[in-house]
Amino acid sequence: MQFDLFFELAVPEHTGRGEREVFADTLGEIALADELGFTTAWVVEHHFAREYSHSSAPEVFLSAASQRTAAIRLGHGVVVLPYNHAVRVAERAATLDLLSDGRVELGVGRGFSPTEYAVFGADMGDSRRIVDESLSVMRAGFAEGAADFAGDHYRLEDVEVLPKPAQKPHPPMWTAAVSPETYTWAAKEGLGALAGPFKPWFLVRQDLKAYRRAWAEHQGDEPMPGANPRFGMTIGLLCLPDGDRARELAREPFTWYYERLLAQTRPVLERFRESYDYYQKLGRLQPLLKRAVRLSLLESMGMVVVGSPEECIRKLAKYQEAGVDHLLLAVGAGALPTEVVQESLKTVAEQVMPHFRD
């Protein structure tokens, strides 16, 4: 099981840090993670999410990270295809892949914000069809030579998309996945699956099993070129030598983070939107979380791990045993000082990661 990092580029007002300081601190954390042996640094794409996430241009941020690191992989987690032109996505991903000497992990998804869809002029009800066409366009653009494609949303005729990525046939591709049908679709398309931070572990475990079954059915012994059969899950984490101190430091930041996360997902959880019907089922959990978002509840739902190295090893073991390939760790949930985050990174690298890699 690989240990990755997950960044929202949060700018909580109560911490007193501005955007410039948050960006600088996060780049420093990624540089440290590179030295410590973490596998991938994932950065999200969100818009208009004051405090929760100021990461509206992740490819620019990852370009800066590429020049401060040597080995850690750089995860686009994820670019929202319905309102990002597929050709531009391919161009930007290839450019980042060249700048980083082939270290890009390219995540794609539909997004879930009605506000983002409205501002960028995209149709939520048509999101699945747009994503399907976008993937075909991107793969054609990554390939050598000119691309041709004819669909409802895209038409390319003898178009050569440049530059070409360093990795062949293209960077490993992932998709954000929430509904069960998305996991099946991901396996059919040869994509890695990324389970987001707002779904309890008992549901994600079912998704993981369904993904593995679908992969065996659709990819079998001869997977498609560039296939990526990996499963990643995002959790909040704070691991420190003193477990009691970790819990005390994590209580308010993790409560803040998951309250903001719930606020971001509430519009699509509460109101039916075409092709987002599964979100209404997840909405049944909302009253429980809305009533009392607290650290103990988040831990019991497998969404957060906090404690000493020994405690964290014990709590993280269930993810490895179930077959999770990558844990995307939101260390400190973007609401703790960088000094604490860096202390936790060192603790995880020195006392937790060796146990799982051995």
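Author: Let us begin with helix α12 (residues 309–322) and helix α13 (residues 338–357), whose axes come within 10 Å and cross at roughly 45°; an axis is a line fitted to C-alpha atoms over the stretch in contact, and the angle, from 0 to 180 degrees, is taken between N-to-C directions. Because of that angle, α12 is oblique to α13, given that under 35 degrees counts as roughly parallel, over 145 as roughly antiparallel, 65 to 115 as roughly perpendicular and the rest as oblique. On the side of α12 the contact is made by Pro-309, Cys-312, Ile-313, Leu-316, Ala-317 and Gln-320, and on the side of α13 by Thr-347, Gln-351, Val-352, His-355 and Phe-356, where contact means heavy atoms within 4.5 Å. These residues divide into seven nonpolar, four polar and no charged; Ala, Val, Leu, Ile, Met, Phe, Trp, Tyr, Cys and Pro count as nonpolar, Asp, Glu, Lys and Arg as charged, and the others, Gly among them, as polar.

The model is predicted, with local features needing pLDDT of at least 70 and side-chain atom pairs counting only at pLDDT 80 or more, while totals for chains, interfaces and linings use all residues. Residues are numbered from 1 along each chain as its sequence is written, and side-chain values use heavy atoms, with hydrogens and water left out. Helices (H or I, at least four residues) and strands (E, at least two) are DSSP runs, numbered from the N terminus.

In the loop that runs from β2 (40–43) to α2 we find Ser-55. Ser-55 counts as buried because its relative accessibility is 2%, buried being under 20% relative accessible area, exposed over 50% and partly exposed in between, with a 1.4 Å probe and protein chains only. Leaving aside residues up to four places away in sequence, Ser-55 touches Glu-8, Leu-9, Val-43, Val-44, Glu-45 and His-46.

Helix α6 (residues 180–189) has Thr-182, Tyr-183, Trp-185, Ala-186 and Ala-187 as its buried residues, and what covers them includes α5 (127–142), β7 (173–177), β8 (192–195), α7 (201–218) and β9 (231–239). Just after α6 comes Gly-190, with a positive phi of about 75°.

Finally, consider the backbone itself. Most residues other than glycine have a negative phi, and most peptide bonds are trans. In this model, Asp-158 of strand β6 has a positive phi near 55°, and with a relative accessible area of 58% Asp-158 is exposed. Ala-333, in the loop between β11 (326–331) and α13, also has a positive phi, of about 55°, but Ala-333 is buried, with a relative accessible area of 5%. A cis peptide bond joins Gly-77 to Val-78, with omega about 5°, and Val-78 has its place in strand β3 (residues 73–80). The bond from Leu-162 to Pro-163 is likewise cis, with omega near 0°, and Pro-163 is found in the loop between β6 (155–159) and β7.
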